[in-house]
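Hi everyone, thanks for coming. Today I'd like to walk you through one structure, so please have a look at it before I start.

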Amino acid sequence: MRIQLYMSNTGYCSRRETERLLAAGRITVNGKTATKDTFVDTDDCILLDGSPVPMKERNIYLLLHKPTGIVCTAQRQVKNNLIDYMNYPERIFAVGRLDKDSEGLLLLTNDGDIVNKIMRVENGHEKEYIVTVDRPYPDSFLKGMASGVEILDQVTEPCAVTRIDEMTFRIILKQGLNRQIRRMTKEFGYYVTRLRRVRIMNLSIDRLPYGQWRELTDEELNVLMKDLR
């Protein structure tokens, strides 16, 4: 398996964080510095900073109602990083991201196996957002957003977009390009003033207070795992 998959399976860090560790030369395999193209077997000697990679003792699944101002990164040197904010006693990482200026539902785990299953566009997993823009918009704006918008040298996948009021809409995405909603909206001359994610697949932000987190219920976890098969 690739070294990135091995590291996420240990629960130590995400594949994205593994890429940073590799770039810094902190991971070795059988005495040689690993790269992003390194493949490993379970009987290889894989070390992080000269010591065995810590293995998770249990799978952790948390939901956070992320407030604005928190940065979705595990890099402790970044001000207002997610890990310091959570102050969770075991190592966890976020599944996907919300940018610093956005708020809402975030799934955190040490289960690297589910990350790609949720994030891969071809799996069609829904993420729902409530978005407010800087001025009233016409119905043609909703139609344009739903049909696909050219950003980042590609056209976004068709999506469901519905009006809530004259300046707020609901959008359900099955992909997650960098700052996708903000970029899409800007193409029509509007600017996002508030962006809130309210659902990831079967997981809802309902009854989760702003800035707080909780563990998934057994029912939520069972449905999530069933949908990820």
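**A helix and what surrounds it**

Let's begin with α5, whose buried residues pack against β11 (160-163), β12 and α6. Contact here means heavy atoms within 4.5 Å, and buried means under 20% relative accessible area, exposed over 50%, partly exposed in between, using a 1.4 Å probe and protein chains only. Helices (H or I, at least four residues) and strands (E, at least two) are DSSP runs, numbered from the N terminus.

Before going on, a word on the model: it is predicted, so local features need pLDDT of at least 70 and side-chain atom pairs count only at pLDDT 80 or more, while totals for chains, interfaces and linings use all residues. Residues are numbered from 1 along each chain as its sequence is written, and side-chain values use heavy atoms, with hydrogens and water left out.

Which residues of α5 are buried? They are Phe141, Leu142, Gly144 and Met145. These residues sit on the same side of α5 because they cover an arc of only 165° around the axis, the arc being that of the directions from the helix axis to the C-beta atoms. On the face turned away from that buried side, α5 carries the exposed residues Asp139, Ser140 and Lys143. After α5 comes Gly148, with a positive phi near 120°.

Now the largest nonpolar core, which has 31 residues. A nonpolar core is a set of buried Ala, Val, Leu, Ile, Met, Phe, Trp, Tyr and Cys residues joined through side-chain atoms within 4.5 Å. Met86, Tyr129, Val131, Phe169 and Ile171 touch the most other members. Elements giving two or more residues to this core include α5 (139-147), β8 (127-133), β12 (168-173) and α6 (180-187). Another core, of 19 residues, lies apart from it, with Leu63, Leu105, Val115 and Ile118 among them.

Last stop: the largest pocket. On a 1 Å grid over the protein atoms alone, a pocket is an open set of points where a 1.4 Å probe fits, with protein on both sides within 12 Å along at least five of seven lines; lining residues have an atom within 4 Å of a point. How many residues line the largest pocket? There are 27, and Arg97, Leu98, Leu177, Asn178 and Arg179 lie nearest its centre. α4 (112-119), β8, α6 and β13 each supply at least two residues of this lining.
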